Amino acid sequence: MIGGRVNLGRLLQLVRKEFRQMLRDPRSKRMLFVSPIIQLLLFGYAVNTDVRQVKTFVVDHDRTAASRELVGSFQASGYFRVVGTGDRPQELVDALDHGDALVGLEIPRGFSADLAAGRTGHVQVLLDGTSSNTANVAQGYATQIIRQFADAQTRRRAVAGSRQAAGVDLRARAWYNPDLRSQVYNVPGVIATIVMLMGLLLTSLAVVREREIGTLEQLMVSPLTPTELILGKTLPVVVVAFADLFLVTAVAMLWFHVPLRGSFPLLLVASSFYILSGLGIGLLISTVSNTQQEAFMSMFFFFLPALILSGFMYPVENMAVFFRYVTLLNPVRHYLVVVRGIFLKGAGWEALWPQIATLAVMGVTVLWFATTRFHKTTV
């Protein structure tokens, strides 16, 4: 058992002392409550990514050589990867809803007959607009491929001596983010980075600061138990993390007009487990650091790879196979799926429970291991 019984009076005094130490410096206040807004604005306006091998679901009602040729053109381009096919439009909708595909291609019956008769063929492309950059780029690629296909059909008819020119009418529609605004995709992801950064920064530096100035030993020989010390150091961080969560959520909705289509209580539950992960990692950093500078460098040694391997900056599907498996150990990746699903798709527990359950296991496990190690390094 770590620590023993908790005295509420002593714990409240320590929490009060932590809040005073955290907020008495105007620079600390700006770091806690102004820098998240600045980060939100910077990432919301500046982040852009490229895409390849976009997951595509195909519904081919025509099932002719011409329709298969069109699907083959999509795959041969390298920009699209067919991950599933179906016979009903509802299957395509389900694939988009569950995130199994980012692009849906539907070819109606009579497509080949229309081309043969010199009439305009119709093709529908559905895009998952939660990733506005991916949807924009994919729409451009799809348009280019279909135009090249139409040009090839026209040349064939010209060679065959037909005077009628076949054409293709492309109708593209983006789901979840109809205007394909990059902020709608990027801003929810910034929430994940800010919450994790605050948890890491405040937890690791708060403990190391006590060790660096020599007051940690005084706290350890005081009537405070190790449990009270850990709670006193982490509870203020939890409050600040949730305050930043509310702050950046409000800015995302009011400034960037990012829709919150899902359940905010579900977001709070997932955020609670996510914050536990940040607290646990911060405590682990504090156990291996003797100075604030060392803790700061160790924190970024974890944070930057976690950010890169989260899918926030680069799609996980485009990473090497080894790193795709590594990302499964990254809480930021799972939280990004949750926050974007709740904000943009209105996803509920039935769709997000694997990510939320993973965050819960990670949060509890990391925090338990961190508190155990912290206790051993302070006795």
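**Exercise 1. Find how many salt bridges the whole structure holds, then see what the pair of Glu 317 links.**

Step 1. A search of the whole structure turns up four salt bridges, a salt bridge being a side-chain nitrogen of Lys or Arg within 4 Å of a carboxyl oxygen of Asp or Glu. Keep in mind that this is a predicted model: local features need pLDDT of at least 70, side-chain atom pairs count only at pLDDT 80 or more, and totals for chains, interfaces and linings use all residues. Residues are numbered from 1 along each chain as its sequence is written, and side-chain values use heavy atoms, with hydrogens and water left out.

Step 2. Take Glu 317: its salt-bridge partner is Lys 55, with the closest N and O atoms 3.7 Å apart. This pair links distant parts of the chain, 262 residues apart: Glu 317 is in the loop between helix H11 (292-308) and helix H12 (321-326), and Lys 55 is in strand E1 (residues 54-60). Helices (H or I, at least four residues) and strands (E, at least two) are DSSP runs, numbered from the N terminus.

Step 3. Check the cover. Buried means under 20% relative accessible area, exposed over 50%, and partly exposed in between (1.4 Å probe, protein chains only). Glu 317 has 35% relative accessibility, so it counts as partly exposed. Lys 55, at 16%, is buried.

**Exercise 2. Identify which residues have the most contacts inside the largest nonpolar core.**

Step 1. Start with the core itself. The largest nonpolar core has 54 residues; a nonpolar core is a set of buried Ala, Val, Leu, Ile, Met, Phe, Trp, Tyr and Cys residues joined through side-chain atoms within 4.5 Å. Tyr 274 and Tyr 335 have the most contacts inside this core.

Step 2. See who contributes. Elements that give two or more residues to this core include helix H7 (182-213), helix H9 (226-254) and helix H10 (264-287). H7 gives the most, with 15 residues.

Step 3. Zoom in on Tyr 335. Leaving aside neighbours within four places in sequence, Tyr 335 is in contact (heavy atoms within 4.5 Å) with residues including Ile 191, Leu 245, Tyr 274 and Leu 359.

**Exercise 3. Classify the ring pair of Phe 74 and Phe 80.**

Step 1. The structure holds eight aromatic pairs. Rings of Phe, Tyr and Trp (its six-membered ring) pair if their centres lie within 6.5 Å; planes under 30 degrees apart count as stacked, over 60 as edge-to-face and the rest as tilted.

Step 2. The ring centres of Phe 74 and Phe 80 are 5.0 Å apart and the planes are at 55°, so this pair is tilted. Both residues, Phe 74 and Phe 80, are buried.

Step 3. For a cluster, look at Phe 296, Phe 300 and Phe 303, which form one together.

**Exercise 4. Describe the surroundings of Val 54.**

Step 1. Val 54 lies in strand E1 and is buried, with a relative accessible area of 3%.

Step 2. Leaving aside neighbours within four places in sequence, Val 54 is in contact with Tyr 79, Phe 80, Arg 81, Leu 102, Val 103 and Thr 134.

Step 3. Val 54 and Asn 318 are 264 residues apart in sequence, yet 8.9 Å apart in space, C-alpha to C-alpha.
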